[in-house]
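Subject: Structure for your review

Dear colleague,

My notes on what was found in it follow directly after.

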Amino acid sequence: MAKIEDILEIERIDRDLFRGPAIRTHLQRTFGGQVAGQTLVAAVRTVDSDKHVHSLHGYFIRPGIPDVPTVFQVDRLRDGRSFATRRVTAIQEGEPIFSMSASFHLVDQEGIEHQDSMPRVVGPEEIDVPTIDDLDEAHRIFAEEWAQWDIRIVPRDRLETSSALASQQRVWFRSVDALPDDPNFHVCTLAYMSDMTLLGSAKVPHPDEPTQDASLDHAMWFMRPFRADDWLLYDQTSPSAFGGRALTQGRIFDRSGRLVAAVTQEGLSRRLRPGAQPFPVSTTDDPSKK
């Protein structure tokens, strides 16, 4: 499957207009993290290098079509001395599939400092990694899709939980390949990665209830520099699920315990119709034959 370097390599076709490539995939709809990551790249490419993105807010409007290129239209809402704001619409076949607002802040600013402590957790090296033969067909396809990523979910019997929280999950993840040094590349990569596993935290109390799942909206805040090819801990909670939707939250720490990002996502999580797939995938060997 495509590498993140290829996924995030979008083409400028006009001053504020970009095009992202169609990416080979087994999924019948475009992975939401791909759309978010590419959309953020488009925004970043219209902002001066002295400002870095500190937050984004996005809405998934329509399912993406994997074998169709995506056009990204950027609106420059503000270019101030300390802040810049961009609105980006991702478009396929003339219709918007995703909308994002992103805010950028002047780098090297000083102010008060504090952060939550990273929860106590077993290290990624202590977590057994299942082999491909241990996975069912659907999860095997995701393992192939995300072969560039080392994803290790902390086992339930080794997870320190709080009785005050409805649902908890912790995940270590990183790129298995060394990535470019550009900080913006790592931020856009994390936008891609942050859509992995988060909605699954809502299923922890309901392991045997099949649901149809899809990202509805996605918000991120970037607090400190990090590398996506170093281990990151994704501390996930789901405070509520009701009415066919689930709210999920995540704090992302680097290996040294620095809080580098925070995520909030609401997703579709309704009971699955008989015969339907939770994540529509193609089970053919060739992703192009869907």
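How are H2 and H4 oriented to each other, roughly parallel or roughly antiparallel? Please keep in mind throughout that this is a predicted model. The axes of helix H2 (residues 32-44) and helix H4 (residues 183-193) cross at roughly 150 degrees and come within 7 Å. Angles over 145 degrees count as roughly antiparallel, and H2 and H4 are therefore roughly antiparallel to each other. Their crossing is right-handed.

The residues that make this contact can be located in the structure above. On the side of H2 they are Gly33, Gln34, Ala36, Gly37, Leu40, Val41 and Val44. On the side of H4 they are Asn184, Val187, Cys188, Ala191 and Tyr192. Sorted by class, the contact of H2 with H4 has eight nonpolar residues, four polar residues and no charged ones.

The volume of the largest cavity is about 50 Å³. Among the residues that line the largest cavity are Pro21, Ala22, Ile23, Thr30, Gln34, Val35 and Gln38; the lining also includes Ile65, Pro66, Val68, Thr70 and Gln92. H2 gives the most to this lining, with three residues. Seven of the lining residues are nonpolar and five are polar, while none is charged.

I turn next to an open space. The second largest pocket holds about 960 Å³ of space. It is lined by 26 residues, of which Gln109, Phe222, Met223, Arg224 and Pro225 are the closest to its centre. At least two lining residues each come from strand S3 (51-60), strand S6 (95-106), H4 and strand S9 (211-222). The largest share, four residues, is supplied by H4. By class, the lining of this pocket divides into twelve nonpolar, eight polar and six charged residues.

Yours sincerely,
A colleague

Key:
Residues are numbered from 1 along each chain as its sequence is written. This is a predicted model: local features need pLDDT of at least 70, side-chain atom pairs count only at pLDDT 80 or more; totals for chains, interfaces and linings use all residues. Side-chain values use heavy atoms; hydrogens and water are left out. On a 1 Å grid over the protein atoms alone, a cavity is a set of points where a 1.4 Å probe fits but cannot get out, and a pocket is an open set with protein on both sides within 12 Å along at least five of seven lines; lining residues have an atom within 4 Å of a point. Grid points are joined across faces, edges and corners, and a volume is the space filled by probe spheres set on the points. Ala, Val, Leu, Ile, Met, Phe, Trp, Tyr, Cys and Pro count as nonpolar, Asp, Glu, Lys and Arg as charged, and the others, Gly among them, as polar. Axes are lines fitted to C-alpha atoms, for helices over the stretch in contact, and angles run from 0 to 180 degrees between N-to-C directions. Angles under 35 degrees count as roughly parallel, over 145 as roughly antiparallel, 65 to 115 as roughly perpendicular and the rest as oblique. A crossing is left-handed if the near helix is turned anticlockwise from the far one by less than a right angle, and right-handed if clockwise. Contact means heavy atoms within 4.5 Å.
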